[in-house]
Amino acid sequence: MAVAALAVVSLGPPTSPPPVPDQDGDSALRAVLTEAVRRNHYPGALAQARSRERTSDVAIGVGDVRNGTAPRPDSRFRAGSITKTFVATAVLRLVAEDRLRLDDTVEHWLPGLVDGKGNDGRRITLRMLLNHTSGLFDYTTDKELSHTYERDPSRRLPPHALVRVAVSHPPLFPPGTAWNYSDTDYVLLGMVIQRVTGRSYAEEITRRIIRPLGLRSTYFPGGSSSIAPPYLHGYEMPDSGVIKDATVLNTSFAPGSGDLISTVGDLNRFLSALLAGRLLPSSLLRQMLTPVPRSRAGSDMDKYGLGVIITRLPCGITVYGHGGTLDGYLTGVTGRQGGAHTLAWVINGSWGVENQIALMDKAYTAEFCATGSTAPGLHRRDGAGPA
């Protein structure tokens, strides 16, 4: 079964030192991505860095192994768990409108759903879902469910069925006492959005975020297994060692936790608007960007907030964003507070997941710690600034 979550692994900080400062803006980032593609035999990589004055695109390798064409900057791809930041933003907007409270319980909005095997929706709040302190089992790691999707990749299960798989397992810890990344949390948040608004999480995010920001290449696929062109082909490498095109994919197993389709440009525009305070009141944005004590969203550099990964780089800069893993793709987006400098990237091969966190930390260190990148504008070719 494809896991829509960001793979959380204990790799520690990047083993290589921060890049030597340079004047070429994107050369340090290009070197990191080129090495990742070379070492892991990925087909290609695509990244876009944005500031107020400049946009820089980095394309490496191929976007389609059949014709050998380079990745297009406007190519769509499956964003994986970056979806969670969109969902968290929608939930917090409802909080800002007093239609939800962070201390509301799951039981209040979804009565009777989280129950049994020691699970108790009366003790789990929306804040715990947002920051992964609910203790709920991650349904994507259920072996029987994985076998179900292996036998029938077209099988579609509704969100409540995925939650029932999760609560068939005992909780990992009492709610609020520890931290563990769980896709179950965001499936539940998607269901809460629908209960409150009468619209699906996909409709609500489209109405509140995607359309107002003009994210024309971003959408939720719904029942479709394909990606609207132009798109970046995604690849898997089975045990045979021969890569397999995984672009066509049923993502019903990741409702609200990893089913978004987007581009590097749109992800940058979204994150820039979020970090600039255009989507949330300052008090809620501050809570969103506050790390959870004892959270470890990857390496020692990475903590978790409310739907965001918070990374403290070796040069002292802190960036905020998310990463994702889905069949065919490894993805990431991050930026500095205020939204003036962001970076989005994708690799179109989903093997080597154990290296993803180290790659993210290295790429972000290269982009945000290089000479010139700490200034409001990047010293790069002309291009459009963030939305």
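Predicted model: local features only at pLDDT ≥ 70, side-chain atom pairs only at ≥ 80, totals over all residues.
Biologist: Thanks! How many helices and strands are there in the chain?

Modeller: Helices (H or I, at least four residues) and strands (E, at least two) are DSSP runs, numbered from the N terminus. The chain has 11 helices and 13 strands.

Biologist: Back to our pair, then. In which sense do β11 and β12 pair?

Modeller: Two strands pair if DSSP finds at least two bridges between them. Strand β11 (residues 318–326) and β12 are antiparallel, with 8 bridges. They form a hairpin with 2 residues between them, and G328 in that turn has a positive phi of about 100°. On to the next partner: β12 also runs antiparallel to strand β13 (residues 342–347), joined by 6 bridges. There, G332 stands opposite W345 in β13. β12 and β13 make a hairpin too, with 5 residues between them, and G338 in the turn has a positive phi of about 100°.

Biologist: How many of the 8 residues of strand β12 are buried?

Modeller: Burial is judged by relative accessible area: under 20% is buried, over 50% is exposed, and in between is partly exposed (1.4 Å probe, protein chains only). In strand β12 (residues 329–336), 7 of the 8 residues are buried, so the strand is largely enclosed by the rest of the structure. Across the chain, buried residues make up 60% of the 387 residues.

Biologist: Now a helix. How far apart are the end C-alpha atoms of helix α2?

Modeller: The expected span of a helix is 1.5 Å times one less than its number of residues. Helix α2 (residues 83–96) has 14 residues and should span 20 Å; its end C-alpha atoms are 20 Å apart, which agrees. Just after α2, D98 takes a positive phi of about 65°.

Biologist: How many of the 14 residues of α2 are buried?

Modeller: An α-helix has 3.6 residues a turn, so residues three or four places apart point the same way. In this case α2 is mostly covered, with 12 of its 14 residues buried, including T83, F86, A90 and L94. In helix α6 (residues 159–166), the buried residues are A161, L162, V163, V165 and A166, and their cover includes α5 (143–151) and α7 (183–197).

Biologist: Which residues of the largest nonpolar core touch the most other members?

Modeller: A nonpolar core is a set of buried Ala, Val, Leu, Ile, Met, Phe, Trp, Tyr and Cys residues joined through side-chain atoms within 4.5 Å. The largest one has 86 residues, and F86, L100, L130, L188, I205 and M288 touch the most other members. A second, separate core has 30 residues, L33, A47, A363 and Y364 among them.

Biologist: Last one, on the backbone. Which residues does the cis peptide bond join?

Modeller: The cis peptide bond joins P229 and P230, with omega about -5°. P230 sits in the loop between α8 (201–210) and β6 (235–236). H41 has a positive phi of about 60° although it is not a glycine; H41 lies in the loop between α1 (27–40) and β1 (44–50), and is exposed, with a relative accessible area of 58%. K117, also not a glycine, has a positive phi of about 55°. K117 is in the loop between β4 (115–116) and β5 (119–120), and counts as exposed at 55% relative accessibility.

Methods: Residues numbered from 1 in each chain as written. Heavy atoms only, no water. Contact = heavy atoms within 4.5 Å.
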